[in-house]
Amino acid sequence: MNTADLGLPVDVPSTALFTDHYELTMLQAALAAGTAERRSVFEVFTRRLPEGRRYGVVAGTGRVLDAVENFRFDEPVIRFLRERRIVDERTLAWLADYRFTGDVWGYPEGEVYFPGSPVLRVEGSFAECVLLETVILSILNHDSAIAAAASRMASAAGDRPLIEMGARRTHELAAVASSRAAYIGGFATTSDLAAGFRYDIPTVGTSAHAFTLLHDSERDAFRAQVDSLGAGTTLLVDTYDVAEAVRAAVDIAGPGLGAVRIDSGDLLLVAHRVRQQLDELGATGTRIVVTSDLDEYAIASLAAAPVDAYGVGTQLVTGSGHPTCSMVYKLVARATSADPAEPLVPVAKRSTGGKTSIGGRKWAARRKDGQGVAEAEVIGTGPVPAALAGEQLLVELIKGGSVLSRESLDVVRDRHAAARAGLPLSATQLSRGDAVIPTEYL
């Protein structure tokens, strides 16, 4: 079953209003000027990575495809625009028939990117492309930020699994997208059932401190949980006294207790003490799960601790200090008519202040050294050098308005793991630094 086809309350009937007011006023003016149908090329890129980050992660592409397909101005939306007098009747008539009929190319979801990388390229008439700016940026900026944080945390965790548990720390719809992005970045499971239902991500969860406090004693709470969920469950042992809780947990569940969770205190110290105690009680196979406002640095600091899994919430869903990737959507080329034979003219913003862009419809390739490790992100507007022909990064996602294919999250997740493994080793360092490979322009 493809859960993406079921339709859920977290979905919306149309994405057309996930845009900014000025997209529609530009459309109205272009229609009046006769320039709306000019063939155009827009590109999504970022001028720089967030401070201290060595690489970015492309995430949200699958959601972008859904958003483009659902970008429809139905009657309630048209009525809203008319009542607010946002655009004139001619523009409303044009919007009522809107369907994206252009082409979209992009980095495959899960791939890494660098400053200047043309992460997404949207081609069609100016009118149909300009309307998609805000929704595309909203998705890619959010999801790529979460996936980048998840990737750093996964690198720090090594072979130990990560649990996404940040739903209560963000908007309820953002929580679902965050779970998806975290899974791409390397997380193994989520606590969010909507994400599990919508994207088939494995879900996990057992109990909170409230369950222990509900009962007359901690032992009563543990017994109730084990009776209901079995000895393989995870018992939360830091409500009162950790050492006493561990003794009670093993006494009630037996040495086959699945795991204990620690959610407070000096996690490094407590984890060592709990591991020793579990082993002394014969529960040598019982795992230790730690939570408590972790980020990649805290995870790295626990590398030598006897920890089996990490649960991460707030820092993950807020991008671990970088909640956006600062991606932009810029017109880089346009023709003087809608004629497909009309040549494209490169265009670019030239103002000062660090917000310049490079004109022209771009390709991108990743040059590798003799060992197959990435050494440069190469971007150009002319012919692709023969040596880079097999290393091109952009793939066609939408052709003539139709989505060409959709990928499972497991495929995307594996792609990211492979892409990260193909970078220089310094890419996974948590110390501040510049992009791990340079961007070169041809």
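## The antiparallel sheet

In this predicted model, residue F42 stands opposite L331 of strand β12. The two strands concerned are β1, which covers residues 39-45, and β12, which covers residues 328-334. Six bridges join β1 and β12, and the pairing is antiparallel.

This pair belongs to an open sheet of seven strands, whose order is β13-β12-β1-β5-β3-β16-β17. The pairing in this sheet is antiparallel. At its edges are β13 (345-346) and β17 (402-403), each of which pairs on one side only. Strands of a sheet pair through backbone hydrogen bonds, in either a parallel or an antiparallel manner.

## Helices on the antiparallel sheet

Helix α2, formed by residues 61-69, packs on this sheet and touches β5 (120-125), β16 (395-399) and β17. The direction of α2 makes about 20 degrees with that of β16.

Helix α6 comprises residues 133-157 and lies across β1, β5 and β12.

## The parallel sheet

A further open sheet has six strands in the order β7-β6-β11-β10-β9-β8, and here the pairing is parallel. Strands β7 (189-190) and β8 (234-236) form the edges, and each pairs on one side only.

Within this sheet, strand β6 (residues 162-164) runs parallel to strand β11 (residues 309-312), and three bridges join them. Residue E164 stands opposite V312 in β11.

## Helix α3 and its buried side

Helix α3 spans residues 75-83, and V77, I78 and L81 are buried in it. These residues lie on the same side of α3 because they cover an arc of only 100 degrees around the axis. In general, an α-helix has 3.6 residues a turn, so residues three or four places apart point the same way.

After α3 comes R85, which has a positive phi, near 55 degrees.

## The crossing of α1 and α4

The axes of α1 and α4 come within 10 Å and cross at roughly 105 degrees. An angle from 65 to 115 degrees counts as roughly perpendicular, and α1 and α4 are therefore roughly perpendicular to each other.

On the side of α1, the contact is made by L24, L27, Q28, L31 and A32. On the side of α4, R90, T91, W94 and L95 take part. By class, the contact of α1 with α4 has six nonpolar, two polar and one charged residues.

## S178 in helix α7

Residue S178 is found in helix α7, which covers residues 172-185. The relative accessible area of S178 is 0%. Because buried means under 20% relative accessible area, S178 is buried.

Neighbours within four places in sequence aside, S178 is in contact with H142, I146 and V317.

## The chain as a whole

The chain contains 15 helices and 18 strands. Along the principal axes, its C-alpha atoms fill a box of roughly 80 × 60 × 40 Å. Of the 442 residues in the chain, 50% are buried.

Contacts in the chain can also be described by separation in sequence. Among those between residues at least 6 apart in sequence, 74% join residues at least 24 apart.

How values were computed
Residues are numbered from 1 along each chain as its sequence is written. This is a predicted model: local features need pLDDT of at least 70, side-chain atom pairs count only at pLDDT 80 or more; totals for chains, interfaces and linings use all residues. Side-chain values use heavy atoms; hydrogens and water are left out. Two strands pair if DSSP finds at least two bridges between them. Helices (H or I, at least four residues) and strands (E, at least two) are DSSP runs, numbered from the N terminus. Contact means heavy atoms within 4.5 Å. Axes are lines fitted to C-alpha atoms, for helices over the stretch in contact, and angles run from 0 to 180 degrees between N-to-C directions. Buried means under 20% relative accessible area, exposed over 50%, partly exposed in between (1.4 Å probe, protein chains only). The arc is that of the directions from the helix axis to the C-beta atoms. Angles under 35 degrees count as roughly parallel, over 145 as roughly antiparallel, 65 to 115 as roughly perpendicular and the rest as oblique. Ala, Val, Leu, Ile, Met, Phe, Trp, Tyr, Cys and Pro count as nonpolar, Asp, Glu, Lys and Arg as charged, and the others, Gly among them, as polar.
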